[in-house]
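Open the viewer and keep the selection tool ready. Each stop below tells you what to select next and what is there.

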Amino acid sequence: MTTRIFIGYVPSRLVRRCIFPYPKTYQCSLYSTKVSKPLRILFCGSDEFSCESLRAVHAEKTVNPQLISSIDVLCRPGKRSGRSMTRIREVPIKAVAEELNLPIYERDTFRGWDLPRSGTEPINLIIAVSFGLFVPPRILKSAEYGGLNVHPSLLPNFRGPAPLQHIIMAGEKTIGVTLQTLDDKSFDHGLILSQTPSPGLPIPDPDHCSYNNLLSFIKPKAAELLIQGLRERVFVPPLLDVGHYESKDLKHAPKIKPEDRRIDWSSMNAITIHRRHLALQRLWCTIFINKTSEKRIIFEDFELVPTPNITPPSNPNNSSPETSGSGTGKCSQRFMLFRTHEGGRKSIPYIVDGEAIIIIVQNEALRVQRITLEGQKPKPASRVLVDSLTYAF
């Protein structure tokens, strides 16, 4: 394993490289004697993950003004939302910047825009955390120290805009953080300047850890890594690429699309569906409420439970509303008919469990307490299915 040292403007892969060995267990930068000018930072962010890092950078500026001279904030403009599209939904980091009394700029593109000046001095470092816009080479070259990015995974694994969701859906047991340079060609391809030790930090209760829980766990770790990197001035040439994570099965973390929340009962097992719910919350599918009409049904929650003792039907496409178990302690079984991804129809069994239902998926079971039928409000799951579905197929 080697550490690469780069001297010069890193995103364009200039100018001179030296190579020397270091132990494979080495995790982040070496002890630094680097010095820099006071940092005039343009912080680019959007969501809760970036808010934690902005607060940490601001706190560091307060106690260490020799390191950080000023902070300006760049965020995306608010978007219209609601049925009438009259309400403006602002990105969370704007409220944090206003709270901290920091200058704010709102842009949806860098076209025709130059870096602002902090007082009479130019911005000399860009920090982008969960920003969502690609920072072009022209902007990066305008800042003396280029740009930094904090990414919540052990890059290059889970490279992409939605690492936390994909880490949960993949059933990972550990997670890490990477501090990298902003690449001038593509997202998440910068030089790795600091990184959580492999194999990463254990995810708390990984089989039940939701997106919000994982976010709460990892965002302070990401902020700490960023502040450590600023204190060590890892952005000052020569830059050390300390990336060490190796895997033959790298996973990507693409943007979450509406279709990712659709349940395919014919191909997904109960564990896959439960993980998807933990990562994305509300999931949906299309079911038939009678012979010809279908509606979208939204599952508000999922819980893995032991498979109940039921008698499998002799004909899974039976039109009868229920099939009773023949022995003591066996549960009454019903069916819902859903639209497959291929456009066909397929039935899936469930049983009523008080106000909840238990869905049987490939010999595993998921308990659902609340369901929303298209055009209605959330209701107890058993009431929605028993009251709304007919089985005269």
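**Stop 1: Helix 2 and its neighbours**

Select helix 2 and look at what surrounds its buried residues: they pack against strand 3 (39-45), helix 1 (48-63), strand 4 (68-75) and strand 7 (104-106). Contact here means heavy atoms within 4.5 Å. Helices (H or I, at least four residues) and strands (E, at least two) are DSSP runs, numbered from the N terminus.

A word on the source. This is a predicted model, where local features need pLDDT of at least 70, side-chain atom pairs count only at pLDDT 80 or more, and totals for chains, interfaces and linings use all residues. Residues are numbered from 1 along each chain as its sequence is written, and side-chain values use heavy atoms, leaving out hydrogens and water.

Now select residues 92-99, which form helix 2. Which of its residues are buried? They are Ile-93, Lys-94, Val-96 and Ala-97. Buried means under 20% relative accessible area, exposed over 50%, and partly exposed in between (1.4 Å probe, protein chains only).

Look down the axis of helix 2. Its buried residues fall within an arc of 165 degrees, so they line one face of the helix. The arc is that of the directions from the helix axis to the C-beta atoms.

Turn to the face directed away from the buried side. There you find the exposed residues Glu-98 and Glu-99. Then select Asn-101, which follows helix 2 and has a positive phi, near 60 degrees.

**Stop 2**

How many disulfides does the structure hold? It holds 0, counting a disulfide as a pair of cysteine sulfur atoms within 2.5 Å. Cys-44 is in no disulfide, and the nearest cysteine sulfur, that of Cys-75, is 9.6 Å away. Cys-44 is buried, at 1% relative accessible area. Cys-75 is buried too, at 0%.

**Stop 3: The whole protein**

Zoom out. The protein has 7 helices and 26 strands. Of its 393 residues, 48% count as buried. Among contacts between residues at least 6 apart in sequence, 66% join residues at least 24 apart.

**Stop 4: Confidence**

Colour by pLDDT, the predictor's confidence in each residue, from 0 to 100. The mean is 86, and 84% of residues reach 70 or more. Select residues 1-30: pLDDT is below 50 there, and this stretch has 80 contacts beyond near neighbours in sequence. Finish at residues 316-328, where pLDDT stays under 50 and the model has 22 contacts beyond four places in sequence.
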